[in-house]
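Have a look at the sequence and the structure below, and keep both open while you read. We'll take a walk through a few spots together.

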Amino acid sequence: MLPRTHGRLAVAGLATTGLLVGLIACSPVGQENTGGGSDGTASPGATATDGERTNKTGTAADPNAIKPGGRLDIALSAEPDLLDPTQARSLYSRYVFSAMCEKLYDLDENSEIVPQLAAALPEASADGKTVTIKVRTGVKFGDGTAFDAAAVKKSLQRNLTLETSARKSELGPITTIDTPDAETVVIHLETPFAPLLAALTDRAGMVMSPAQLDKLGDKFSTAPVCVGPFKLVKRVPQNSIELAKDSNYYDAGKVYFDSIVYRIITDASIRAANLRSGDVQVADSLSTQDAPALSGEDSLEVLESESLGYQGVTFNIGNVDGIGQPAKPIDKPHAKDVKVRQAFDLAVDRDGLVKTVFGGLYDKACSPISPASPFSSDAAQKCPDRDVEKAKQLLQEAGATVPYKIEMITSNNPDSLRIAQALQAMVKEGGFEIQIQPVEFSSLLDQQDRGDFELLQLGWSGRIDPDANITNFVGTDASQNVAGFSDPALDELLTNARQEQDVEARKGLYGEITAKIQEQEPLIYLYRQRNLTGVSKQLSGVRVYSDGILRVAFAGHRK
């Protein structure tokens with residue numbers, strides 16, 4: 001049975017999520033109505049201490065204090081990419097999906113896995129190679145068609161086979177999927193795969209309407225239909241996304257808003273101004289410059305939680321023909337000689353970065369594994385000291401021209417530009433000259449996929465199983481390996497960690513994996529941000545957990 005854990009190591013619930021074998025004969029955690037935070041009762045565990053900072057993840061809506069109806073306006077810091085669970089890559093699409101596309105499983109406020117569209121936690125065979133999932137009954141998609149095991153199978157198979165799928169690596173070695181009846185999904189694996197359950201708590205576990213998939217195919221994002229509290233009304237590119245309450249939703253009685261409008265406002269100061277004026281009632285990704293003042297205002301509160309993700313820079317080492325295509329040599333020193341990448345790492349002043357750019361609200365990071373993860377270890381948190389003289393020496397040994405000029409693409413919002421400029425100044429002392437190329441966020445995603453970059457500044461919002469924060473990005477041929485990186489020794493370690501069922505053994509392997517990534521440096525980790533969300537006190541029920549997802553589907557206006 002999954003143990004209850006609290007505080008900084010709340011994600012220790014994950015310790016058993018990998019142990020699919022251990023799920024046999026376990027009782028379900030949470031009853032049917034716990035999925036999606038729709039239980040309608042106030043949660044007492046919304047505040048916890050994370051070291052010197054306090055986590056405020058929000059509380060469930062109080063039905064007695066809510067005035068049903070009305071519209072919620074949310075300011076998003078970037079535009080979501082494709083509204084297609086199979087193809088989406090951004091955190092911002094996950095915000096919207098949380099209101100319109102439910103998953104087989106979800107996380108609760110303690111970062112423990114609970115059923116959502118599944119009827120219970122899965123059961124696994126003794127050898128860990130067969131996983132059985134029971135699904136809810138009496139559920140309909142937004143188009144009125146029935147949700148059943150066949151729909152789950154169709155969505156999973158699409159994730160595994162669509163050429164442009166970003167989910168392939170997340171689902172592991174699935175061989176076949178059976179549906180012996182309308183309520184049962186049986187997943188067969190070539191080898192045990194510890195991260196599977198955690199993967200099904202995110203986009204890989206979202207279930208799409210088979211009728212809409214048949215109708216739209218790979219254009220599903222133009223009119224996505226799922227099971228959810230809300231459904232898509234319209235999308236105005238680079239401007240807004242509007243959702244309306246879905247009367248087909250199985251728990252519609254616990255949905256209070258009539259509609260939700262996500263407005264794209266990339267400038268953090270303008271998001272803060274809109275929040276103060278009441279033009280929006282929620283704003284994501286507050287600037288560390290604005291958050292302290294906003295948290296002191298009587299009409300607002302700032303939700304704050306630690307992140308399982310990271311922010312960093314990725315070098316293009318072999319992505320010539322686009323993501324998913326075989327890597328090819330790139331005739332640039334940073335791609336050919338690891339000493340150039342190691343020199344860049346040694347030139348970065350992480351302590352200075354988090355202090356000067358983020359006012360000390362964020363933490364430095366040298367690893368894809370958050371210290372909050374139960375898979376963290378001293379080896380996983382090892383961080384090199386800054387050494388600009390050593391950086392210059394490595395550039396000389398690599399035969400690189402100094403200053404070594406490299407073009408870095410970054411999102412064009414003010415916060416990203418501040419980070420880029422700080423990096424530019426820091427690594428200059430170590431012999432690098434960064435040429436900053438700001439681009440709109442969706443264009444940045446497109447450029448990274450096509451391999452049209454030398455250096456990329458971008459992060460990852462994080463998942464509860466470390467495999468989802470690593471393999472997809474640095475595993476050979478992985479679906480989000482935009483670096484075009486390949487290291488057979490690292491692949492072997494990643495595979496071993498995926499198949500290992502013992503948590504302590506996995507922890508050791510992830511320490512070795514971190515060292516291997518730091519040795520090759522396809523991706524240099526810089527800092528770990530906190531999820532800072534501004535919320536009007538006129539609302540009840542807005543929540544943000546450690547996965548960084550903004551949860552508003554079951555919130556409402558206070559009376």
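What follows is a short tour of some strands, helices and loops in this chain.

## Before we start

This is a predicted model, so to speak of local features we need a pLDDT of at least 70, side-chain atom pairs count only at pLDDT 80 or more, and totals for chains, interfaces and linings use all residues. Residues are numbered from 1 along each chain as its sequence is written, and side-chain values use heavy atoms, with hydrogens and water left out.

Helices (H or I, at least four residues) and strands (E, at least two) are DSSP runs, numbered from the N terminus. In the UniProt record, residues 112-478 carry the feature "domain: Solute-binding protein family", from an unreviewed entry. UniProt positions are given here in the numbering used for this model, feature names are shortened, and annotations may be inferred rather than shown by experiment. That span is 29% helix and 22% strand, and its end C-alpha atoms lie 27 Å apart.

## A sheet of four strands

Let's begin with an open sheet: 4 strands in the order β7-β8-β10-β9, with antiparallel pairing. At its edges sit β7 (123-124) and β9 (174-181), each pairing on one side only. Two strands count as paired if DSSP finds at least two bridges between them. For β7 and β8 (residues 130-134), there are 2 bridges, in the antiparallel sense. You can find A124 standing opposite V131 in β8.

## The helix on that sheet

Helix α3 (residues 149-161) packs on the sheet, where it touches β9 and β10 (184-189), and its direction makes about 170° with that of β9. Axes here are lines fitted to C-alpha atoms, for helices over the stretch in contact, with angles from 0 to 180 degrees between N-to-C directions.

Which residues of α3 are buried? They are A149, A151, V152, S155, L156, R158 and N159. "Buried" means under 20% relative accessible area, "exposed" means over 50%, and "partly exposed" is in between (1.4 Å probe, protein chains only). These buried residues pack against α4 (168-171), β9, β10 and α6 (210-216). At the N-terminal end, D148 caps α3, with a side-chain oxygen 3.2 Å from the backbone nitrogen of A150.

## Strand β4 and L76

Now jump to β4 (residues 71-76), the strand where L76 is found. Strand β4 is mostly covered, with 5 of its 6 residues buried. It pairs in the parallel sense with β13 (residues 259-264) over 6 bridges, and I74 has Y262 as its bridge partner there. β4 also pairs in the parallel sense with β14 (residues 282-283), over 2 bridges, and here A75 stands opposite A283.

Is L76 buried or exposed? L76 counts as buried because its relative accessibility is 0%. Leaving aside neighbours within four places in sequence, L76 is in contact (heavy atoms within 4.5 Å) with residues including Y95, Y262, I264 and D284. L76 and V282 are 206 residues apart in sequence, but 8.7 Å apart in space, C-alpha to C-alpha.

## A loop with S376

S376 sits in the loop between β17 (363-364) and α12 (388-397). With a relative accessible area of 14%, S376 is buried. Not counting residues up to four places away in sequence, S376 touches I369, S370, P371, Q381 and K507.

The side chains of S376 and Q381 are joined by a polar contact of 3.0 Å. A polar contact is a pair of N or O atoms within 3.5 Å; within protein, one must be able to donate a hydrogen and the other to accept it, and residues adjacent in sequence count only if both atoms are side-chain atoms.

In the loop between α12 and β18 (404-411) you'll find P403, joined to V402 by a cis peptide bond with omega of about 0°.

D477 is not a glycine, although it has a positive phi of about 65°. D477 lies in the loop between α15 (467-474) and α16 (488-499), and counts as exposed at 62% relative accessibility. E521 also has a positive phi, near 55°. E521 is in the loop between α17 (503-520) and β21 (523-528), and is buried, with a relative accessible area of 5%.
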